[in-house]
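Reader: Could you walk me through some charged side chains and a helix contact here? I would like the cut-offs along the way.

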Amino acid sequence: MLSVGRDRSGLYAPAVEEYARRISRYVRFALEEVPEARKAAGTPRARDEEAESLLDRIEDGERVVLLDERGKEPTSVELARRVAGWLEGARDVTLVIGGSDGHGEAVRARATETLSLSRLTLAHRLARVVLLEQLYRAFTILRGEPYHK
């Protein structure tokens with residue numbers, strides 16, 4: 001998973017670490033953070049700079065799944081089905097959460113699919129926690145484990 005910025009508040013890091021640990025029981029998982037484009041914040045240039053940093057970390061054969069408010073909003077069961085499809089595809093998947101200025105066009109063009117976590121606007125650090133919890137839930141659904149009720 002790639003994400004722009006880091007949690008300086010410390011509020012979300014424990015949850016991110018916990019769900020990352022849980023997900024790692026099912027698949028190889030890593031969270032990489034790229035810095036926000038602070039000098040150009042609030043401008044299209046910020047999106048482009050962040051897109052460049054994100055694209056530098058994505059390998060050619062990877063499936064790229066963009067998290068964006070304009071994406072498809074799956075249920076937990078639908079996300080589990082998607083995850084199953086990704087696993088069957090036998091290639092690495094990189095989930096990308098952009099910065100507060102959104103995604104640059106270069107990252108959008110590279111994405112295989114675009115998902116939304118909610119029609120609500122979520123803080124980017126909170127979006128990480130929600131995404132990781134839903135990925136963990138997806139794995140438990142696929143394995144028939146009791147977490148998902």
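Author: Happy to! At 26% relative accessibility, Glu36 counts as partly exposed, because buried means under 20% relative accessible area, exposed over 50% and partly exposed in between (1.4 Å probe, protein chains only). This is a predicted model, in which local features need pLDDT of at least 70 and side-chain atom pairs count only at pLDDT 80 or more, while totals for chains, interfaces and linings use all residues. Residues are numbered from 1 along each chain as its sequence is written, and side-chain values use heavy atoms, with hydrogens and water left out.

Reader: Which residue forms a salt bridge with Glu36?

Author: A salt bridge is a side-chain nitrogen of Lys or Arg within 4 Å of a carboxyl oxygen of Asp or Glu. For Glu36 the closest N and O atoms of the pair are 3.6 Å apart. The partner sits in helix H5, 89 residues away from Glu36, which is in the loop between strand E2 (32-34) and H2; helices (H or I, at least four residues) and strands (E, at least two) are DSSP runs, numbered from the N terminus.

Reader: How far from Glu50 is the nearest side chain of opposite charge?

Author: Glu50 lies in helix H2 (residues 44-55) and is buried, yet has no salt bridge. Lys and Arg count as positive and Asp and Glu as negative, with His and the chain ends not counted. The nearest side chain of opposite charge is Arg47, at 7.7 Å.

Reader: Is H3 roughly parallel or roughly perpendicular to H5?

Author: The axes of helix H3 (residues 76-88) and helix H5 (residues 124-143) come within 8 Å and cross at roughly 80 degrees. Axes are lines fitted to C-alpha atoms, for helices over the stretch in contact, and angles run from 0 to 180 degrees between N-to-C directions. Angles under 35 degrees count as roughly parallel, over 145 as roughly antiparallel, 65 to 115 as roughly perpendicular and the rest as oblique. That makes H3, relative to H5, roughly perpendicular.
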